[in-house]
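Thanks, everyone. Please bring up the model and keep it on screen while I talk.

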Amino acid sequence: GFGARWEIEGTWTVDNGVLIESPTKATPPTRLGPVAKTKIVSLDSDRLMLRDGARVVELRRARVPENLPPISRWVFAMARSAEQRKLFGIETRNPSYPKVTQLKRIEGDGVFRISVNGQGRVAGIEILESTGNATLDGAAVAAFQRWRFTPRTVKELVVPVSFRMRGF
């Protein structure tokens, strides 16, 4: 509830823009949970913004982990790209989760760099980090090829994708 205080000790690591918390001790002990993985939205000197599913969580200076290792070289580009997509995107639908991979319960996360020409059309797509599955990568590339932007507003985007089973 409100006003409750609890403390967690453990290790913090960052892997490709994901904060990985590995708790080893908690007060009260009921707060000791499994390893948690949360996507980093942004990090500056006094706050850390994390995406936990559909919500964004903000941690102020007092709660930002000490000695946080360097974060992914793509995190800031992804945050900037998300803002550009929102401001200048005409058609930017998220990739659809292919049924064949859903049936096989295949999941994956990836990061893609999208080059946009002066007419606002996608000129090229580079896989910076594969989802680990060619079908998922192909679904992301196919969706990105259809993206459109206001002309002369966006040159490059770094976009994360996540194909995850929900409710199973």
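Leaving aside neighbours within four places in sequence, which residues is Leu157 in contact with? They are Ser81, Gln84, Phe112, Arg113, Ile114, Trp147 and Phe149. Contact here means heavy atoms within 4.5 Å.

A word on the source. This is a predicted model, where local features need pLDDT of at least 70, side-chain atom pairs count only at pLDDT 80 or more, and totals for chains, interfaces and linings use all residues. Residues are numbered from 1 along each chain as its sequence is written, and side-chain values use heavy atoms, with hydrogens and water left out.

Now the core. Leu157 belongs to the largest nonpolar core, which has 17 residues. Ile114, Phe144, Trp147, Leu157 and Phe163 touch the most other members. β7, α3 (134–145) and β10 each supply at least two residues of this core. Apart from it lies another core, of 8 residues, including Ile40, Leu50, Val75 and Leu128. By nonpolar core I mean a set of buried Ala, Val, Leu, Ile, Met, Phe, Trp, Tyr and Cys residues joined through side-chain atoms within 4.5 Å. Buried is under 20% relative accessible area, exposed is over 50%, and partly exposed is in between (1.4 Å probe, protein chains only).

Next, the strands. Helices (H or I, at least four residues) and strands (E, at least two) are DSSP runs, numbered from the N terminus. Two strands pair if DSSP finds at least two bridges between them. β7 (residues 108–116) runs antiparallel to β10 (residues 156–163), with 8 bridges joining them. Gly108 stands opposite Phe163 there. β7 also pairs with β8 (residues 122–129), again antiparallel, over 6 bridges. Ile114 has Ile125 as its bridge partner in β8. The β7–β8 hairpin has 5 residues between the strands, and Gly120 in this hairpin takes a positive phi near 85 degrees.

On to α1, residues 75–88. Which of its residues are buried? Val75, Ala77, Met78 and Ser81.

Arg105 is not a glycine, yet has a positive phi of about 60 degrees. Arg105 sits in the loop between α2 (99–103) and β7, and is partly exposed at 49% relative accessible area. Arg152 also has a positive phi, near 60 degrees. Its loop lies between β9 (148–149) and β10, and Arg152 is exposed at 73%.

How values were computed. Expected span 1.5 Å × (residues − 1).
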